[in-house]
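Visitor: I have the sequence and the model open side by side. Could you walk me through the strands and how they connect?

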Amino acid sequence: MSASAMVPPSAAAAVARARTLLCVPATARAPREMAAELAAAAALGADVAELRLDRLAGFAPRRDLPVLLAQPRPLPALVTYRPKWEGGEYEGDDEPRFEALLLAMEMGAEYVDIELKVADKFMKLISGKKPETCKLIVSSHNFENTPSTEELENLVAQIQATGADIVKIATTATEIVDVAKMFQILVHCQEKQVPIIGLVMNDRGFISRVLCPKFGGYLTFGSLEKGKESAPAQPTVTDLINVYNIKQIGPDTKVYGIIGKPVGHSKSPILHNEAFRSVGLNAVYVPFLVDDLANFLNTYSSPEFAGFSCTIPHKEAAVRCCDEVDPIAKDIGAVNTIIRKPNGKLVGYNTDYVGAISAIEDGIRASQPTDTTTSPLAGRLFVVIGAGGAGKALAYGAKEKGARVVIANRTFARAQELGNLLGAPALTLAELENYHPEEGMILANTTAIGMHPNVNETPLSKQALKSYAVVFDAVYTPKETRLLREAAECGATVVSGLEMFIRQAMGQFEHFTGMPVVDCKFRALANSLVNPDAMKAAGITAHKARL
């Protein structure tokens, strides 16, 4: 995928186009409940509601459509009666389904969706009967993969040939680079002034649902609430509007995001999008579920994709993928922030080490008497669990502060490799259970052990924790991990990973924007993501916080 293919026409150069519509699928089992979902969708800010007739129990068109399409309606209606062979629930013959869709047209539905496989047959039935006010969407769903760009272009032409008013193509991502093909198709159709809904399903295709306004998509879908999705990895309409600010996304919107695997747990999109909004930056921050970092960066190589946060397991690979690496990040051997310069060069930084080390230092100073002239880590035995990117950052930072570092890792070879780089002893996690050469040690977990949903896991037993005076956990979902809870019960000072998250994110925001952050507001917003009560106490709401 060439960089130029990924760039939408600029706002000045693009043909004027309507804003991408936000459609909420109504999936209730009873007509009156489905009608109520239309009103709920309108209240949340949707532009269109999709009536999924195949979801209704015992659907009778002449009885139920007047309930669903009664005027005045809170939203325009997109009527879909999806058969099982195209991912829906209808299992009957086509003729009754076609008759129901025609009746919906006659009763004032603004949009009707029909599948490409039967579009010619349906067009014959409605010949001369389709009202001028109704737009016909002809759709194709691929639940296995995303075809090549050339195949997608041919599919667009095939759908257009049926007489469709709007083309709809939904494919499935086997890797995130598949979405780039759909973006290219959206841009191509926009240039040809062909209205198109182009989406890529599942977690790796999530960005297609958020970024389609940038590339000219006619419509995107957001569920009424979690659990009411009509397709895999469909976001809620509330998240699309409030978290991703989707109604403000356009051709000139810069794209930032967090690269990881997994990435769905991350609170970074909420934090950074609110931060962007607070300073009036035309930018959006999305989760990128990435398998191959180099392939991802090569595919999304346009300047429009301006910067990335990097998390597990890509921090070390990021060092190799960047054209330039900040000297400290190079010494650490891990990058958690990537900036794409105007010339296309990728520059890597590490904000983890400052974020984590300063959080631990402040935690110690707040709970124990310390010498203000030196770091409270100086001379202390500092055990790091994990030898990945975050482990390297903490080990490096602790050593810089004068701590005596020990590396422990499930795989001894990885612990030894990092230990050799830093001149530090290496242990396995099994050996760490019986490691207590002195009292008052500091422990820092940098692995994902204990992260949601595996909240009952811990890297070290409660018995072993009795040798530690300070325990830090980089995991921040949940805020109080089992490790921190048991460490506190043993009398240790505990430092939450939320502190590291806040501080490294502040550093990333400054790299992304060139603007300083106001610490207190950034902190209040970040803390609220894990503790909603803290947000209330700070007098701000989740989507009105200002830095």
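Guide: Happy to! Keep in mind that this is a predicted model. We can begin with helix H13.

Visitor: Which strands does helix H13 lie across, and at about what angle does H13 run to E20?

Guide: Helix H13 covers residues 352-367.

Visitor: Which strands are the edge strands of the open sheet of 6 strands?

Guide: Follow the order, which is E17-E16-E15-E18-E19-E20 with parallel pairing. An edge strand here pairs on one side only. That gives strand E17 (426-428) and strand E20 (493-495).

Visitor: In E17, what is the bridge partner of Ile407?

Guide: Strand E16 (residues 404-409) runs parallel to E17, and 3 bridges join them. Looking in E17 for the partner of Ile407, you find Ala426.

Visitor: Now to strand E3. Are its residues Ala77, Leu78, Val79 and Thr80 buried or exposed?

Guide: Strand E3 spans residues 77-80. Ala77 and Val79 sit on one side, with Leu78 and Thr80 on the other. Both faces are covered, and all four residues are buried.

Visitor: Which residue in E4 is the bridge partner of Leu78, and what is the handedness of the crossover from E3 to E4?

Guide: E3 runs parallel to strand E4 (residues 111-115), joined by 3 bridges. The partner of Leu78 in E4 is Tyr111. Between these strands the chain passes through helix H3 (residues 94-106), and this β-α-β crossover is right-handed.

Terms used
Residues numbered from 1 in each chain as written. Predicted model: local features only at pLDDT ≥ 70, side-chain atom pairs only at ≥ 80, totals over all residues. Heavy atoms only, no water. Pairing = 2+ DSSP bridges. Helix = DSSP H or I, 4+ residues; strand = E, 2+ residues; numbered from the N terminus. Contact = heavy atoms within 4.5 Å. Axes fitted to C-alpha atoms, helices over the stretch in contact; angles between N-to-C directions. Buried < 20%, exposed > 50% of the residue type's maximum accessible area, 1.4 Å probe, protein only. Right-handed = clockwise from strand over helix to strand, strands pointing away.
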